Amino acid sequence: MVEDFSIYGLKNSVERAYSKLEKDALVSSENKQLILNFTNTWLAKGYTKSRIVKLVFWLRKLAACLNKSFESASKEDLIALVGEIERR
């Protein structure tokens, strides 16, 4: 069908991003669920699939670096994480 056509191949990219998230051993199951809930909310609000793919990618990376639940992370934990990223 014509409406399924995308020059960027985004039709399955969200599913691929979710699949990579599920397979990522460095991200806790709690953070995986938080990322899914967050991105599903953004999809419902009308954000583009490319934005969702980008969010899943970066939230996966942040969760792996943070090494604790997003919900239990303190302001200091997040400041330290940003500092670590900026030093790279």
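**Figure 1. Contacts of R60 in the predicted model.** In this predicted model, R60 touches K20, L21, D24, V27 and I35, leaving aside residues up to four places away in sequence. R60 sits in helix α3. Its relative accessibility is 14%. The cut-off for buried is under 20%, so R60 counts as buried. Two of its partners, K20 and L21, belong to the α1 side of the contact between α1 and α3. R60 itself is listed on the α3 side of that contact.

**Figure 2. The buried face of helix α1.** Helix α1 spans residues 13-23. Its buried residues are S13, V14, A17, Y18 and L21. Viewed down the axis of α1, these residues fall within an arc of 140 degrees, so they line one face of the helix. An α-helix has 3.6 residues a turn, so residues three or four places apart point the same way. The other side of α1 carries K20 and K23, both exposed.

**Figure 3. Neighbours of α1.** Which helices do the buried residues of α1 pack against? They pack against α2 and α3. Helix α2 covers residues 29-44, and α3 covers 49-66.

**Figure 4. Packing of α1 on α3.** The two helices pack at an angle of about 10 degrees. Their axes lie 9 Å apart. Angles under 35 degrees count as roughly parallel, and α1 and α3 are therefore roughly parallel to each other. The crossing of α1 past α3 is left-handed. From α1, the contact is made by S13, V14, A17, Y18, K20 and L21. From α3, it is made by K49, I52, V53, V56 and R60. Sorted by class, the contact of α1 with α3 has 7 nonpolar, 1 polar and 3 charged residues. K20 takes part in this contact, and K20 is also exposed.

**Figure 5. The helices in the whole protein.** How many helices and strands does the protein have? There are 4 helices and 0 strands. From the N terminus on, the order of elements is α-α-α-α. The protein has 88 residues, and buried residues make up 25% of them. Consider contacts between residues at least 6 apart in sequence: 49% of these join residues at least 24 apart.

Methods: Residues are numbered from 1 along each chain as its sequence is written. This is a predicted model: local features need pLDDT of at least 70, side-chain atom pairs count only at pLDDT 80 or more; totals for chains, interfaces and linings use all residues. Side-chain values use heavy atoms; hydrogens and water are left out. Buried means under 20% relative accessible area, exposed over 50%, partly exposed in between (1.4 Å probe, protein chains only). The arc is that of the directions from the helix axis to the C-beta atoms. Contact means heavy atoms within 4.5 Å. Axes are lines fitted to C-alpha atoms, for helices over the stretch in contact, and angles run from 0 to 180 degrees between N-to-C directions. Angles under 35 degrees count as roughly parallel, over 145 as roughly antiparallel, 65 to 115 as roughly perpendicular and the rest as oblique. A crossing is left-handed if the near helix is turned anticlockwise from the far one by less than a right angle, and right-handed if clockwise. Ala, Val, Leu, Ile, Met, Phe, Trp, Tyr, Cys and Pro count as nonpolar, Asp, Glu, Lys and Arg as charged, and the others, Gly among them, as polar.
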